Amino acid sequence: MILVLDDGLDAEAVTRAEEAVRRAGGDPRRLTAEGGRLALEATGVTLDGSPAYRRVAKRADEGTHVVHVRGVAIGGPTLVLMAGPCAVEHEAQLEDSARAAVQAGARLLRGGAFKPRTSPYSFQGLGDLGLRLLRQAADRHDLAVVTEVLEPGAVGAVAEYADMLQIGSRNMQNSALLRAVGRQSRPVLLKRGMSATLEEWLLAAEYIADAGNENIVLCERGVRTFDTASRNLLDLAAVPLLRERTRLPIAVDPSHGVGVRSAILPMALAAVAAGADAIMVECHPDPGTARSDGFQALTPDELIHLGARLRAVAAVVGR
Ligand code: PEP
Ligand code: MN
């Protein structure tokens, strides 16, 4: 245990007191709560050696915290598939996507109404109309909706239509947005920042939990790589490494994680074998005409095939 405390607190005295309380069978964390807070602020290390992301950290006496999204349990015994287009474009596109999603066994329909595009000249999404189309398509097919929210001021409006709010890779460290989704009750899908360490990602989740909402699912979506053969490097080791550190369920998005259509199915299967609780994939009825990420969109037939293969691997790993 290393202690670096602010002025006025004697680290050795705190340690001595801690030991005395421990010998007496008490909980030293209670005695040193103030010392602990200051140590955490100053060093990022808690007094008792536990991680700073204390609300989302794994707990010795508990399994994965199950997150319920409109009756769908993520983090429970059953693998969950989320599927849909990158961006909501029009009603027929969503209808075809939703139908394929259901046939693939998906329980959540994804689709961006507000798109965080790299270029300001790329399609930015349909906005409010996109939210309405998404909700209507999901309702027709009894699917839950997960969609991205880009700014704190829009959280209320997006939450009216969505069952789960997505925080995208580009916003993983937007603390104002993290707090805003933490102050409301819809579950949150927190994607990994494209250059974020696991610790930074878990601390981002901690912002949401600390603001009041512990219903968070982490979503691995690949990190930056030197290699241009893939869009990102899908970090599947993150799944078991997170499992050791956090109580939150873990999803994997091989679509953004690899960005190469042919590699999405094998990496989705590998993610299930690695222990993922949920898989998110993009699809489009006609990928060649997609306004966003068409190159990585699965066709309806490919999505349905992926769903069947996922179930086979899930059964082998006991889900
Ligand atoms: C998305 O899922 O629509 C998306 C934009 O992904 P990411 O934030 O992981 O890039
Ligand atoms: Mn996309």
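The secondary structure of the chain comprises 12 helices and 10 strands. The model is a predicted one. Of the chain's 319 residues, 51% count as buried.

**Overall fold and surface**

- Taking contacts between residues at least 6 apart in sequence, 68% join residues at least 24 apart.
- The chain has an accessible surface of about 14,100 Å², and carbon and sulfur atoms account for 51% of that surface.

- The residues around ligand 1 are Arg-110, Lys-115, Pro-116, Glu-148, Gln-166, Gly-168, Ser-169, Arg-170, Lys-191, Arg-221 and His-256.
- Sorted by class, this shell holds 6 charged, 4 polar and 1 nonpolar residues.
- The side chain of Arg-110 places an N or O atom 2.7 Å from an oxygen atom of ligand 1.
- For the side chain of Lys-115, the corresponding distance from an N or O atom to an oxygen atom of ligand 1 is 2.9 Å.
- Arg-170 has a polar side-chain atom 3.0 Å from an oxygen atom of ligand 1.
- On its own, ligand 1 has 290 Å² of accessible area, of which the protein covers 96%.

- Side chains of opposite charge can pair when their charged atoms come close.
- The whole structure contains 20 salt bridges, one of which joins the side chains of Glu-95 and Arg-140 at 2.8 Å, N to O.
- Glu-95 belongs to helix H4 (residues 91–104) and Arg-140 to helix H5 (residues 128–140), so this pair ties together parts that are 45 residues apart in sequence.
- Glu-95 counts as buried because its relative accessibility is 18%, under the 20% limit.
- Arg-140, at 41% relative accessibility, counts as partly exposed.

- Asp-163 and Arg-135 form a salt bridge in which the closest N and O atoms are 3.0 Å apart.
- Asp-163 is in the loop between helix H6 (155–161) and strand E6 (164–167), while Arg-135 is in helix H5, so the pair links parts that are 28 residues apart in sequence.
- Asp-163 and Arg-135 are both buried.
- A salt bridge also forms between Asp-277 and Arg-319, with the closest N and O atoms 2.9 Å apart.
- Asp-277 sits in the loop between helix H11 (261–274) and strand E10 (278–282), and Arg-319 in the segment after helix H12 (300–316), so the pair ties together parts that are 42 residues apart in sequence.
- Asp-277 is buried at 2% relative accessible area, whereas Arg-319 is partly exposed at 26% relative accessibility.

**Salt-bridge network**

- Glu-91, Glu-95, Asp-96, Arg-99 and Arg-140 are joined into one network by salt bridges that share partners.

Definitions and conventions:
Residues are numbered from 1 along each chain as its sequence is written. Chains are lettered from A and ligands numbered from 1 in the order in which they are written. This is a predicted model: local features need pLDDT of at least 70, side-chain atom pairs count only at pLDDT 80 or more; totals for chains, interfaces and linings use all residues. Side-chain values use heavy atoms; hydrogens and water are left out. A residue is near a molecule or strand if one of its heavy atoms lies within 4 Å of it. A polar contact is a pair of N or O atoms within 3.5 Å; within protein, one must be able to donate a hydrogen and the other to accept it, and residues adjacent in sequence count only if both atoms are side-chain atoms. Accessible areas come from the Shrake-Rupley method with a 1.4 Å probe; for residues, only the protein chains shown count as cover. Ala, Val, Leu, Ile, Met, Phe, Trp, Tyr, Cys and Pro count as nonpolar, Asp, Glu, Lys and Arg as charged, and the others, Gly among them, as polar. Helices (H or I, at least four residues) and strands (E, at least two) are DSSP runs, numbered from the N terminus. Buried means under 20% relative accessible area, exposed over 50%, partly exposed in between (1.4 Å probe, protein chains only). Contact means heavy atoms within 4.5 Å. A salt bridge is a side-chain nitrogen of Lys or Arg within 4 Å of a carboxyl oxygen of Asp or Glu.
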